Amino acid sequence: MAFTIQFIREFTRLGLNRSIGGVLALAFSRELSPVVTSIVIAGRIGSAFAAELGTMQVSEQTDTLRVLGSNPIDYLVTPRVIASSLALPFLTLMCFTIGMASSALLADSVYGISINIILDSAQRVLQSWDIISAMIKSQVFGMIISIVSCAWGATTIGGAKGVGESTTSAVVISLVGIFMADFALSYCFFQGAGDSLKNCV
């Protein structure tokens with residue numbers, strides 16, 4: 001909704017009301033939904049992974065697993081990586097849906113632009129590859145979050161202080177990794193793109 005407020009008045013002045021939905025759909029699907037969702041997950045789930053594994057490390061629970069013949073990586077890390085990479089695309093899709101719906105309601109109630117115009121413009125501009133690319137991005141971001149967080153947690157030293165430092169570092173490094181991966185994937189996915197908005201002008 002904040003993103004909508006920033007540009008909807010300028011588009012209206014230029015007479016580009018029928019392009020607003022298309023721009024929203026492209027922005028949400030290609031960038032905002034996967035990145036914003038991943039940032040929230042990094043803060044919530046990444047910190048939890050790092051704190052949980054860090055506590056297990058400093059309390060020697062991971063050593064107990066090794067004594068029992070279990071591989072801590074297979075038992076603790078792999079399920080978290082798989083779960084994150086599978087769950088994040090669904091959360092991204094939910095974020096995209098809610099973002100489009102709230103922006104359309106805002107445009108209709110505040111700026112008088114019909115919801116049908118917004119949705120029709122989005123439908124004409126949005127392609128299947130835009131959604132697929134968002135899902136791929138989300139899977140990559142989920143793997144980055146889980147791998148970085150588990151790595152920091154599993155290598156924690158120094159007791160409770162070390163757990164706090166590992167948790168903080170895991171979130172920060174995850175965010176940096178998300179931004180770097182987002183640039184690389186966007187460059188690969190959309191390098192030749194640029195004609196999408198022609199359909200709604």
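Q: At about what angle do helix α4 (residues 72–111) and α6 pack?
A: First, the ground rules: this is a predicted model, where local features need pLDDT of at least 70, side-chain atom pairs count only at pLDDT 80 or more, and totals for chains, interfaces and linings use all residues. Residues are numbered from 1 along each chain as its sequence is written, and side-chain values use heavy atoms, leaving out hydrogens and water. Helices (H or I, at least four residues) and strands (E, at least two) are DSSP runs numbered from the N terminus, while axes are lines fitted to C-alpha atoms, for helices over the stretch in contact, with angles running from 0 to 180 degrees between N-to-C directions. For α4 and α6, the axes are 7 Å apart and the angle is about 140 degrees.

Q: How many residues in the contact of α4 with α6 are nonpolar?
A: Contact here means heavy atoms within 4.5 Å. Residues of α4 that take part include Val77, Arg80, Val81 and Ser84, and among those of α6 are Met143, Ser146 and Cys150. Ala, Val, Leu, Ile, Met, Phe, Trp, Tyr, Cys and Pro count as nonpolar, Asp, Glu, Lys and Arg as charged, and the others, Gly among them, as polar. Sorted that way, the contact has seven polar residues and one charged, while the nonpolar ones number 14.

Q: Why does α2 count as roughly parallel to α6?
A: The labels go by angle: under 35 degrees is roughly parallel, over 145 roughly antiparallel, 65 to 115 roughly perpendicular, and the rest oblique. The axes of helix α2 (residues 20–58) and helix α6 (residues 128–154) come within 8 Å of each other. α2 is called roughly parallel to α6 because their axes cross at roughly 20 degrees.

Q: How many charged residues are in the contact of α2 with α6?
A: α2 passes α6 in a right-handed crossing. The residues that make this contact include 14 nonpolar and nine polar ones, and the charged ones number four.

Q: How many charged residues does the contact of α6 with α7 have?
A: α6 passes α7 in a right-handed crossing. The residues that meet include Trp129, Lys137 and Trp152 of α6, and Gly177, Asp182 and Phe189 of α7. The contact has 14 nonpolar and seven polar residues, and its charged residues number two.

Q: Is serine 146 buried or exposed?
A: Look for serine 146 in helix α6. Leaving out residues up to four places away in sequence, serine 146 touches Phe49, Arg80, Val81 and Ser84. Buried means under 20% relative accessible area, exposed over 50%, and partly exposed in between (1.4 Å probe, protein chains only). With 0% relative accessibility, serine 146 is buried.

Q: Which residue has its backbone oxygen 3.2 Å from a polar atom of the side chain of serine 146?
A: A polar contact is a pair of N or O atoms within 3.5 Å; within protein, one must be able to donate a hydrogen and the other to accept it, and residues adjacent in sequence count only if both atoms are side-chain atoms. The backbone oxygen here belongs to methionine 143.

Q: What is the relative accessibility of cysteine 150?
A: Cysteine 150 is in helix α6. Apart from neighbours within four places in sequence, its contacts are Phe49, Leu53, Val77 and Arg80. Cysteine 150 counts as buried because its relative accessibility is 1%.

Q: What is the relative accessible area of glutamine 139?
A: Glutamine 139 also has its place in helix α6. Beyond neighbours within four places in sequence, glutamine 139 is in contact with Ser85 and Pro89. Glutamine 139 is partly exposed, with a relative accessible area of 35%.

Q: How far apart are the C-alpha atoms of glycine 46 and glycine 153?
A: Glycine 46 lies in helix α2 and is buried, at a relative accessible area of 0%. Not counting residues up to four places away in sequence, glycine 46 touches Ile41, Ile145 and Ser149. Glycine 46 and glycine 153 are 107 residues apart along the chain, yet their C-alpha atoms are separated by 9.8 Å.

Note on methods:
Left-handed = near helix turned anticlockwise from the far one by under 90°.
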